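Here is a short briefing on how this chain is divided and how its parts meet. Look over the sequence and structure before reading on.

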Amino acid sequence: MFTGIVEETGEIVARERTEDGLRLRIGADEVATGLEHGQSISVSGVCLTVERFEVGAWFEVFLATETVERTYLGDLEEGDAVNLERAMPADGRFDGHVVQGHVDAVATVSNIESVEEDWFFEFELPAGYGRYVVEKGSITLDGISLTVADLEDDGTGDAGGRVTVAIIPTTYQLTTLSEKAVGDPIHLEVDVLAKYVERLLETRFE
């Protein structure tokens, strides 16, 4: 489990296509310290397993075909930045919200606006995911725990729409959001509690 509080940004330093998927080597400083083989790590919101590492320098992860198809990690090139967070320790502080690292879909950046020191990012939600989002609720975008500032239904009835989040200077500077542009993809993980509630209600009224 993760909290959505990004520890640092890493850099793709190598990539290797295989018959079964994709292997990435990611350069990192703090996150690559104290790693263990088999440890879980969030890479821009995608929970992956550490296969190899060099302390304080880099670590390697493998993306199965399903992960490549469901995320945009397969499109990253050497030199691209990613958000990194190690799994939350049992005795750690819970500063974000419950983040599983299970990407639901890929959303799209639809607008970016700078207002004084803050930034407002608007995202286009894929059809079927708007029903899991509420104003002032939690949402995970590229592994970052964020609060929904505004939610606009797309009017089609398919539970899509647009979500706006306010980004403070620290989050903007310490994550990959500073490199995003309109039209760029971003990993979406909705609040898992909303999905559990939906499932419980479906079961109750079946």
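The protein splits into domain 1 (8-86) and domain 2 (105-203). The model is predicted. Over C-alpha atoms, the centres of domain 1 and domain 2 lie 23 Å apart. Domain 1 brings 13 residues to the contact, and domain 2 brings 14 residues.

**Interface area**
- Domain 1 and domain 2 bury about 900 Å² between them.
- Carbon and sulfur atoms give 52% of that area.
- R70, Y72 and N83 account for 53% of what domain 1 buries against domain 2.
- No other three residues of domain 1 supply more of this area.

**Interface contacts**
- The rule finds 6 residue pairs in polar contact across the interface of domain 1 and domain 2, both residues at pLDDT 80 or more.
- Strand β6 (residues 81-86) gives the largest share of the side of domain 1 that touches domain 2, with 4 residues.
- For salt bridges across the interface of domain 1 and domain 2, the count by the rule is 0.

**Barrel**
- A closed barrel is built from 6 strands, in the order β7-β8-β11-β10-β9-β12.
- The pairing in this barrel is antiparallel.
- On average, neighbouring strands of this sheet are turned by 45° against each other, direction ignored.

- Strand β10 (residues 144-152) and strand β11 (residues 161-167) run antiparallel.
- How many bridges join strand β10 to strand β11? There are 4 bridges.
- V148 stands opposite V165 in β11.

Definitions and conventions: Residues numbered from 1 in each chain as written. Predicted model: local features only at pLDDT ≥ 70, side-chain atom pairs only at ≥ 80, totals over all residues. Heavy atoms only, no water. Pairing = 2+ DSSP bridges. Helix = DSSP H or I, 4+ residues; strand = E, 2+ residues; numbered from the N terminus. Axes fitted to C-alpha atoms, helices over the stretch in contact; angles between N-to-C directions. Domains from an automatic or database assignment. Contact = heavy atoms within 4.5 Å. Buried area = accessible area lost by both parts, 1.4 Å probe. Salt bridge = Lys/Arg side-chain N within 4 Å of Asp/Glu carboxyl O. Polar contact = N/O pair within 3.5 Å; in protein donor to acceptor, adjacent residues only side chain to side chain.
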